[in-house]
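Please look over the sequence and the structure shown here before reading on.

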Amino acid sequence: MKIIIINGPNLNLLGKREPTIYGNETMEACLERIKKQYNDIEIEYFQSNIEGELVDKLQEVGFSYDGIVLNAGAYTHYSIALLDCIRAIKTPVVEVHISNVDNREEFRSRSFIGAACIGTIQGFGMESYRLAVEALKTKK
C-alpha cells in the first residue's frame, strides 16, 4: 500500500507556528512516528505553500497511489481548484485538520474540498494524520 501525506500553506512551520493551536511536534517527528507504526505501508510526504503545486502533486499521484491524506491548510476554505482536482483523480482523499476548525474563526468552518473527500478528520492534533492513515488502511 502506498499513501502520501500532502500539506498546504504554512504547515512547513509545524512545531513553531502557534503552538497553542498546532502543538509543538514537527511534521518530521510525526512522519517518523507514523512510518514506524505503519511499516507495512509506503508513506511519502509533500508540502507546498503554492496552490498550483498542490494541484500538480495531486494529479501526479492521484491515479497510482492507494490513498492521500490532505491538509490543505487555508486553501481548504476557498480552493475550487483543489476541489475540482480531487474530484478528477481516482485515489481516495482524507481531509485532515490538526485543530478543530469548527471551534475557530467562522470562515474556517466551511470546507470547499470536503465534498470531494471520502472523509474528514479534525481536532486530534498531529494524531489526525495517523487517524487518516488508519482510515485509508481499513478502507483498502
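Ile98 is buried, its relative accessible area being 3%, where buried means under 20% relative accessible area, computed with a 1.4 Å probe on protein chains only. This is a predicted model, in which local features need pLDDT of at least 70 and side-chain atom pairs count only at pLDDT 80 or more, while totals for chains, interfaces and linings use all residues. Residues are numbered from 1 along each chain as its sequence is written, and side-chain values use heavy atoms, with hydrogens and water left out.

**Ile98**
- Ile98 sits in the loop that runs between β4 (93–97) and β5 (119–122), strands being DSSP runs of E with at least two residues, numbered from the N terminus.
- Apart from neighbours within four places in sequence, Ile98 has contacts that include Leu11, Ile21, Asn71, Phe124 and Tyr129, contact meaning heavy atoms within 4.5 Å.

**Asn71**
- Asn71 belongs to strand β3 (residues 67–71), and it counts as buried because its relative accessibility is 3%.
- Residues up to four places away in sequence aside, Asn71 touches Ile6, Asn7, Gly8, Leu11, Val96, His97, Ile98 and Tyr129.

**UniProt record**
- An unreviewed UniProt entry places the feature "binding site" at Asn71, His77, Asp84, Ile98, Ser99 and Arg108; UniProt positions are given in the numbering used here, feature names are shortened, and annotations may be inferred rather than shown by experiment.

**Ala116**
- Ala116 also lies in the loop between β4 and β5, and beyond its neighbours within four places in sequence it contacts Leu83, Ile86 and Arg87.
- Between Ala116 and Val94 there are 9.2 Å in space, C-alpha to C-alpha, with the two residues 22 apart in sequence.

Conventions. Helix = DSSP H or I, 4+ residues; strand = E, 2+ residues; numbered from the N terminus. Buried < 20%, exposed > 50% of the residue type's maximum accessible area, 1.4 Å probe, protein only.
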